[in-house]
Amino acid sequence: MNITTTSKVLLLFTALILAACQTAVPSVPSPIPTLPSPATSTSTPIPFPTPTRFPTLTPSVTPLPTATLAPVTDFIKGAWFVDWGLGPGEETLDGTQVLKDIIVPLGANWISLTVMCRMNVQDPSGFECDPDDDMSYDNIRRVTQTAHSLGLRVALFAFVLDVAGVPDNWSANLDYGSEQEKWFSFFEGYAGELIPYAKLAEENQIDLLIVGGEQTGTQKQEAHWRAMIDKVRNVYHGPITYEAWCDTSGSVKWWDAVDYIGINFYCFPLSHSNTPSDDEVKRNYLKFLQMVKDQTAGWDRQVIFTEIGYESIHGVAQIVPFGLTPVRLDVEEQGILVKNFFEALKEFGNEDQWLKGMFWYNFTSSPYIGGMGDLNFTPHNKPAEVYLKAFYTGQEPGQLPELPTQVDETRLENSYWLFSDQLENGTIFGPWAGNGKATIVPDPLKNRGNVIRVDISGHWDGLHLDLSPVVDFREYDFLELYLYASKYEPNLEVWSDNFKEMIERPWLYIRSYIDREPLMNDSWHRISIPIDLLFPADRPGKISKTSSVYFIHMWPGEARSFSFFIDDVRLVKAVK
């Protein structure tokens, strides 16, 4: 959208009024908290003073007059705000609850919004950005306005992630070598998609624009990157950065073209043990912090860890962040990495302000995603969140969350069965979206009669139960089932619909409601999911009469074929 001459005059008039107000009531930057040292420690906390050798960058558009908006000079305590749940439709959650009740109390002062783009290596100029419409222009505007009203600054990350035809479909592996004609087409197409987001960032006073990331094969194309960044600066006048993949920042010879050096800081091996110790993890963190600082020292630019985070998977300290098999839940190991990152950062020091801040990966737009049974990156409701909050707020770490407990079996009554030894009450079943396979077989452990076997062959495979007649879930208190897997731990999400529309949000990971750890111990596990979480109270009058239930597997790493088994699926009322 172009700004008319009249609009410019109005903006100038508004800016003069705001400038007068700011002169009358100057803002005082809040101090940056540090993670408290243990009582026995003698290390000096990081003071994080206001930087002096780096210029303060301000957008050309006057910032919103929000009293609590974090000063631009503050250390960035960021949270990736993943766009799940921000898609179109009245039934989706808009993320306001998470911003207000989770991210602000976390102590964060920034969020990062992400627009994903796709392309095919055979078509260098053919880009498709935001194909799922989760981060539409309207959603970016709405979330930015909400974040600013809560005192959160906003970074917008627009980059090519999926490239069909290269190894692992990963953008880092895109490289046209010496074929300059293809490079020209690539950057022309890239700029064509990026510039509208840069205009959107300018018009909505977005505070930082991240113009790309994890594109290792493109980083040597210095002239192309400089030309594209110049085009971006013609329409967006706030600070800009690019995200290099972990240890590849040295191949970027154009850091002076952006305002910060962006690095994702989570692909370094931190342990050689299945049970990493605090000392080993902290020692390796210190080594990699020094490496990053040395590699970036000559650019007179502060560093931002544009991504840092870890899956809740056993062994993640050894090979991070993707591809671990077998996949086994381990929220404690994730917590060890988060805790010791901040301990190492405190010891390493930041007196010279080489580090501007970080964005922790990730928090979603649903308050129900996370928990002690979730294998994915989010720290929410895990030990990792406790340590992250301690650093961001400058407080002592709070109490760690406990493993979930099961509802007492004696409190359950009035079951509505979907499957026992056979399908019940008119229920029919099949594989989700026709992928994989679902069959009724004898229990492989030989103690539960017939069970449902689900064969997984790729992402998003799972089980689909059609209910006939339609069932009002709100008449019950729990969705209960038994789960068994002998090879890889299923990370199952529960969805439902009512013929007319899918209830895609909230997603619930059933590992959060399991009765014991680990899942792969040659035994069945009882799972009881509260109906209140499937149909939250803040959505009164919304869909509860359900025609279908889905148990869909979300891979936390590289896909592997395996099977899991489900038995005794029922809806249960509890004794009041």
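Predicted model: local features only at pLDDT ≥ 70, side-chain atom pairs only at ≥ 80, totals over all residues.

Biologist: OK, and how many residues does α7 have, and how far does it reach?

Modeller: Helix α7 covers residues 331-348, 18 residues in total, and from its first C-alpha to its last it reaches 26 Å, which is close to the 26 Å expected at 1.5 Å a residue.

Biologist: Is α7 mostly covered or mostly open? And what follows it?

Modeller: It is mostly covered, with 14 of the 18 residues of α7 buried, and the residue that follows α7 is G349, whose phi is positive, near 95°.

Biologist: Switching to strands: why do you call β16 largely enclosed?

Modeller: Because six of the six residues of β16, residues 492-497, are buried, the strand is largely enclosed by the rest of the structure.

Biologist: Which residues sit on which side of β16?

Modeller: L492, V494 and S496 lie on one side and E493, W495 and D497 on the other, and all of them are buried, so that both faces are covered. That layout can be read against the general rule that in a regular strand the side chains alternate between the two faces of the sheet.

Biologist: Which strand is β16 joined to, and how many bridges are there?

Modeller: Six bridges join β16 to β19, residues 545-553, and the two run antiparallel; in β19, V549 is the bridge partner of S496.

Biologist: What about P469, buried or exposed?

Modeller: P469, which is found in strand β14 (residues 462-472), counts as exposed because its relative accessibility is 53%, and the cut-off for exposed is over 50%. Leaving aside residues up to four places away in sequence, P469 touches Y416 and N425, and the C-alpha atoms of P469 and N425 are separated by 7.7 Å although the two are 44 residues apart along the chain.

Biologist: And S528, what does its side chain contact?

Modeller: S528, in strand β18, makes a side-chain polar contact with the side chain of E480 at 3.0 Å, and S528 itself is buried, with a relative accessible area of 6%.

Biologist: Last topic: which residues touch the most other members of the largest nonpolar core?

Modeller: Of its 107 residues, those are I103, I111, F265, F305, F341, M358 and W360, while helix α4 (residues 180-203) contributes the largest share of this core, eleven residues. There is also a second, separate core of 36 residues, which includes L467, Y476, F535 and F562.

Technical notes:
Residues numbered from 1 in each chain as written. Heavy atoms only, no water. Helix = DSSP H or I, 4+ residues; strand = E, 2+ residues; numbered from the N terminus. Expected span 1.5 Å × (residues − 1). Buried < 20%, exposed > 50% of the residue type's maximum accessible area, 1.4 Å probe, protein only. Contact = heavy atoms within 4.5 Å. Pairing = 2+ DSSP bridges. Polar contact = N/O pair within 3.5 Å; in protein donor to acceptor, adjacent residues only side chain to side chain. Core = buried A, V, L, I, M, F, W, Y, C linked by side-chain atoms within 4.5 Å.
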